[in-house]
Amino acid sequence: MSTCSVSKGCFVFKPSAKKKRLSEKTAHDFRSPGHDSEDTGLRFVTCQSLWNQIKSETEQIQEDLNKQLFDNLVSFLSRSHSDFQEKTTKWTCRMKFREIPTAALVLGVNVTDHDLTFRSLSDVLQDNITPYVALLEAKDCPGIKNLMQKLMGQLMNCDVEVDSLEDEDCVQVSQNRIRCSMSSLISWYETVTKKTDSETPSKKRNSSSRHWQSPPVVVIFKDMESFTTKVLQDFIVISSQHIHELPLVLIFGIATSPMIIHRLLPHSVSSLLCIELFQSLSCKEHLSTIIDKLLLSSQFPFKLGEKVLQVLINIFLYHDFSVQNFIKGFQLCIVEHFYSQPLSVLCCHLVDLKKRVYSLSHDQCENIRRLPSFRRYVEKQESGKQIELLTNDSFLKEETEKLLEDLHVYHENYVSILRCLHVFTSSLPKYPLGKQIRELHCACLENHVWETEEYESSLQLARMLNKADLVSMLQHCVEILMSSSGKEFDKTVEKLKEFLTQFQNLEAEASQERDVSVSSQKELQKKTDLYHLQKTLLELKESRRSKKLTKFEMLRFEVVDYIDRLVRKYLVPADNRTLHEIVYFNAAAVLRGHLNAAPRTALHTALNNPHWYLKAFSTVVMAGEEPNADAASSDQVDDIIHARFIRAVSELELLGFIKPSKQKTDHVARLTWGGC
């Protein structure tokens, strides 16, 4: 058996029939040959549970952020529908000018998030307004014929398949062959609505609770900028001629600007639309909400290090503005942390912590002793305690439990003081520490924030705040600390309330001083000799030169200094906390390698280790030699092995080891799909 070169093809050597391969059942955990450790099953379950909680939280955030937008769209549809049903004067005028109710939905440039938004919108409309909702994409509608086929296929629930081969006009329709035209759509709509009207009263009552009578037909263009001008023009002109027969409502998904409507459509066509503009929440505000709910919260024990968080934020800001991709990156961090860190079994809620700590084995205790943060902690202890920590597992477990509880308290206090500091810094000129709380959070995680120049300039600007702003900020800080679950802020809240009381007292004193100054001015206005007048003026001049701080200025300095002391006490970077490696994921290089495309690195790795790519191929071939006795077990892993093999072949094709051809069923197709 010999081959010329691996670059010329893929060569397989079948094993002899005597050798029988026993198929192993795929383990649903983090177990792998290079990562043998204890508690892998528990880590996998913990990882799944944590991600399910985070996923449900993100879905709830998405629903809450879109609620106002969807409510406005529902209101718009209800107005359009009521006008059509009641045949009011306004609708009569609209019929006269053949205007189609159109919602211009500006979603922003984060195109990858639009699909989720439109699916949610479609669900809301189908649950509350109309069952007739069609989602159209430009790639499926190169011509008006394709558009009508997709539209009617979705509305009528019949499979209309467009063959995407060389001839785009070649269309294959399923058994229920239909004539795709607007007249067919109108006749179908009239038939469906008549069926609904002829239902029994009980069924009609149940259906009307969800949908309206004669519900509108909603057509959503998900990516309007990608549609060709001719397709849009033809569809709008045809629809406007039948608007009195079909209650059609259009929704344009716009990524750039509403002006794109007038750029794509001439005035003769755009005048057929009655357009109302809707604006979704900014993707940056969406990201800030996600970070606030997921990272700046004690609800989830898992945290991101500064460099890792910066990688995800940079990808968001400089690549795609996609919140969904940020969440996927966050999910990857969770999986990587629980996979690579054996002690991540302790990254759990406090209710489960004690049980897991005391069930640690000796090897896991040794893993704790190897942590850099724990080593620093041991070095600071007295000699007797050092010996106990390094030799006594029971004592180590007790100390580990205390340290992890302290870490949890640190997170609660950190978030509260971080929010208070953000209240002061977010309104300063030029935002030295950033306008968003995520920028301040990254600055605090990176190093001692009070040692930076930005922090010093922020304090200088805070010492020049006026009284109204300062009082408002203090009141906001009191609300934050009172809503916090931390128990250490009772004295802090009292101190801040004391500052507020002093500011109120200053107002009364200021009014009295104002009266005194008025009386002194009146004294100066009285007739007096030149000597006394000159003496009084010199005293006023000396008092102005000395520039003594007023009571308000002294109190303002005292407030800023107190906030500074809170920052120095509670906003210590997480890297300085003992056992932070258990809950913080800091492998930024690993994350960057997964998320950032590096074809040169992948090619270098493939050339150094070609057996990784060929191993999947040999696995599939050997699976064909599986004995009948093991047929039941082989069926369980066939799909997984097949998927791995297809991926390996794709990578080999990308790297140039396999060259597909279009002339006949080539070796890539035969290897992957069995020649079908």
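Me: How do the residues lining the second largest pocket divide into nonpolar, polar and charged?
Reply: The lining has 8 nonpolar, 9 polar and 10 charged residues. Ala, Val, Leu, Ile, Met, Phe, Trp, Tyr, Cys and Pro count as nonpolar, Asp, Glu, Lys and Arg as charged, and the others, Gly among them, as polar. This is a predicted model, in which local features need pLDDT of at least 70 and side-chain atom pairs count only at pLDDT 80 or more, while totals for chains, interfaces and linings use all residues. Residues are numbered from 1 along each chain as its sequence is written, and side-chain values use heavy atoms, with hydrogens and water left out.

Me: What volume does that pocket have, and which residues are closest to its centre?
Reply: The second largest pocket holds about 650 Å³ of space. Of its 27 lining residues, Glu-59, Gln-62, Glu-63, Leu-116 and Ser-120 are the closest to the centre. On a 1 Å grid over the protein atoms alone, a pocket is an open set of points with protein on both sides within 12 Å along at least five of seven lines, a cavity is a set where a 1.4 Å probe fits but cannot get out, and lining residues have an atom within 4 Å of a point.

Me: Which helix gives the most to that lining?
Reply: H1, with 11 residues. At least two residues each come from H1 (40–86), H3 (114–128), H10 (283–294) and H12 (323–340). Helices are DSSP runs (H or I, at least four residues), numbered from the N terminus.

Me: And how many cavities of 30 Å³ or more are there?
Reply: The structure has 4 of them. The largest cavity takes up about 160 Å³. Its lining has 16 residues, and those closest to the centre are Asn-66, Asn-110, Thr-117, Leu-281 and His-286. Two or more lining residues come from each of H1, H3, H10 and H12. By class, that lining has 6 nonpolar, 9 polar and 1 charged residues.

Me: What about the second largest cavity, what volume does that have?
Reply: About 80 Å³. Among the residues lining this cavity are Leu-421, Phe-424, Tyr-455, Ala-462 and Ile-563. H17 (393–425), H19 (453–462) and H23 (551–570) each give two or more residues to the lining. H19 supplies the largest share, 4 residues. The classes are 9 nonpolar, 2 polar and no charged.

Me: Which residues are buried in H7?
Reply: Val-231, Leu-232, Phe-235, Ile-236, Ser-239 and Ser-240. Their arc, seen down the axis of H7, is within 145°, so they line one face of the helix. An α-helix has 3.6 residues a turn, so residues three or four places apart point the same way.

Me: How many disulfides?
Reply: A search of the whole structure finds 0 (a disulfide is a pair of cysteine sulfur atoms within 2.5 Å).

Me: Is Cys-348 buried or exposed?
Reply: Cys-348 counts as buried because its relative accessibility is 12%. Cys-365 is buried too, with a relative accessible area of 1%.

Notes: Buried < 20%, exposed > 50% of the residue type's maximum accessible area, 1.4 Å probe, protein only. Arc of directions from axis to C-beta. Points joined across faces, edges and corners; volume = space filled by probe spheres on them.
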